[in-house]
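Please brief me on local backbone features and on one residue's surroundings in this structure.

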Amino acid sequence: MLLFACVYILLIVMENSKRKMISNAPTKECQFGGECYRVNPVHFREYSHPHSELYLLPVDCVSRCLIHFILTFAVEKLLAKAASFSMVEIPDDIKVHKSVFAEQLKIVSSLFPHLSCDSINPEKKSKVEPNSAQPHPTTSSFPVSSVSKTDPKPLNSGKDNKNTIESLFAERRAKMQAAQRDKPAETVAPVKKEGSSSSATTDTGISLKQAIPRDINSYFPVVAPRGRMAQKLAMAAPYNFFLTTITDSKPTHTEPLSITFQELLDSSLGELECSVQMNFMVDIGWLLAHYFFAGYENVPLLVLYGDETPELRMVSQKKPNVTALKVEIKTPFGVHHTKMGLYGYRDGSMRVVISTANLYEDDWHNRTQGLWISPRLPAVPEGSDTTYGESRTDFRASLLSYLDAYKLPQLQPWMARIRKTDFSDVKVFLIASVPGGHTNTPKGPLWGHPRLGHVLSQHAAPIDDACPLVAQSSSIGSLGPSPESWVLGEIMASFRKDSAPVGIRRLPGFRMIYPSYSNVRQSHDGLLGGGCLPYVRNTHVKQEWLKGYLHQWCSRTRHRNKAMPHIKTYCRWSHRGLYWFLLTSANLSKSAWGVYNKTGRFEKPLRINSYEVGVLFLPKMLLDENFFPMESNKKHPPFPMPYDIPIIPYAPEDTPFFMDYLQQ
């Protein structure tokens, strides 16, 4: 009797302990039961599984515990019995693939607090996918944080929408991790570089929780041959315009005008002395991994970012050579959306790179991104005049004005260096936006769409009004109840300009390339490919007129038809050629381009909310012609358009892709 009482008390204690661990149990049962292949944390929070959620069985305490012992291959049982996560052994006769079952173990293990600190064998501890409410570590080869947020804001998609996207991408990332584990890989023990006294895990800061692979191919899905980037850049002249490689599109891995981030640090471009990375989202672990494999883990790096993470706040404590600063913006509707790199070399030269990609793995995975890479810019000779080395496009002065807008002392040494750098080989215009209210200067407007219009009016060849403006972006803002509200009434007033004499002219047409639902569905990542397209249904229903202007994403020529575009471009062309082309971080939104204040009597006329940077290609500057060729000819290479022409309008049954689809 005493023995029975002891057993009964023990069972009660076990049950109470278990209740505490699983108080937020789901109530709906998964239709796949024990054969469920999902590794989406949201799925496990919403649905129970016969092989894992046994606590939902309507039985009393003793019966439930007996069932707990009888069902041999329950996820909960495996975790409850283990003293540490590293000691969990996966049975051989489970119904799903072992890698999938392993990911399910990791997700459900969050219900067992005693596994959260695995002190028995930390070297072998498996990384558990965090849920969306936790800080996201950025130290794995495939960090969850890199897919947890969408780039532009604010589109009021809501916290629930964001959490859903985080979890959906966690599922794709888990599958990628499983694929990596299945490959025969080189050992991942910590390595020491020559002249270094400490291991990579402590010295580089890239992976503070796990060792770094010796082989770069074990860390990044696409790796280009070393030492060839300078030649690749020379072959890309005169445009120097590239797209990022696409992991799941093999032809892009060897395409001359496709590059990886690692190639920006290639030794053939110069021996790096210091650099600046300015971006919205930065996975510091992913970024420092690139610097580590390039041999620059201890080179001074300044990171200006818009989206805060714990890793960015703490990186300087672990890596004294890295300074990370959040760019604060006074208005809640603005973001630091610029994507630009400054690279200083030991011989005194430097380089500027302007792109559309955030600095995290997913933006360089299966998304179409664009980059402009400047030539190598030498230092001006000692004693030169202050005007020496300026480009025909005033690029140096424009860059200095932009950097000065930050009012950051950390940028002052870079501004001093830029003043002493020869920019005469730069033949593109810098088109930027900075937050605030703006008026024209004696040199004309400096920011936003008025700046673009000013440059076009000075340097663009006369353009036939029959040529439409073709806009293409990865997000669409609130544009107003009619086309005239802002797009035709304000934006087109700037984007339509050219150097023709002022006179009576008709308004050009407007076209917008934005992926349809069917575009995203057939992408490399399926509907998850729309994770970089944060347009929401609530915004669209207020501007349904936009559908009449929408066109499909199509890029078969560049092998990117299934790589959803995070690139942003604006241009005008006709059968004669391309009049101009703009590559920029700026989506089609008022926050990015600015909106005129039409009511306030004492406010400055143009209001911009976000930091943005882009480059404008004009044929007069690059080719001394009125058009860029769009097909091969004997005189000049064709301009490398990122999408196919002619563009294809939406069919009547098409709908733009909404972020809401990922919630469904």
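Predicted model: local features only at pLDDT ≥ 70, side-chain atom pairs only at ≥ 80, totals over all residues.

Residues are numbered from 1 along each chain as its sequence is written, and side-chain values use heavy atoms, with hydrogens and water left out. Helices (H or I, at least four residues) and strands (E, at least two) are DSSP runs, numbered from the N terminus.

**Cis peptide bonds**
- Most residues other than glycine have a negative phi, and most peptide bonds are trans.
- The bond from Ala237 to Pro238 is cis, with omega near 5°; Pro238 lies in the loop between α8 (229-235) and β3 (241-244).
- Between Ile645 and Pro646 the peptide bond is also cis, with omega near 10°, and Pro646 sits in the loop between α20 (619-622) and α21 (660-663).

**Positive phi**
- Asn240, in the loop between α8 and β3, has a positive phi near 55°.
- Asn240 counts as buried because its relative accessibility is 9% (buried means under 20% relative accessible area, exposed over 50%, partly exposed in between; 1.4 Å probe, protein chains only).
- Asp394 has a positive phi near 55° and lies in the loop between β11 (370-373) and α13 (395-404).
- At 43% relative accessibility, Asp394 is partly exposed.

- Thr368 belongs to strand β10 (residues 367-368) and is buried, with a relative accessible area of 0%.
- Not counting residues up to four places away in sequence, Thr368 contacts (heavy atoms within 4.5 Å) residues including Leu243, Thr244, Trp553, Arg560 and His566.
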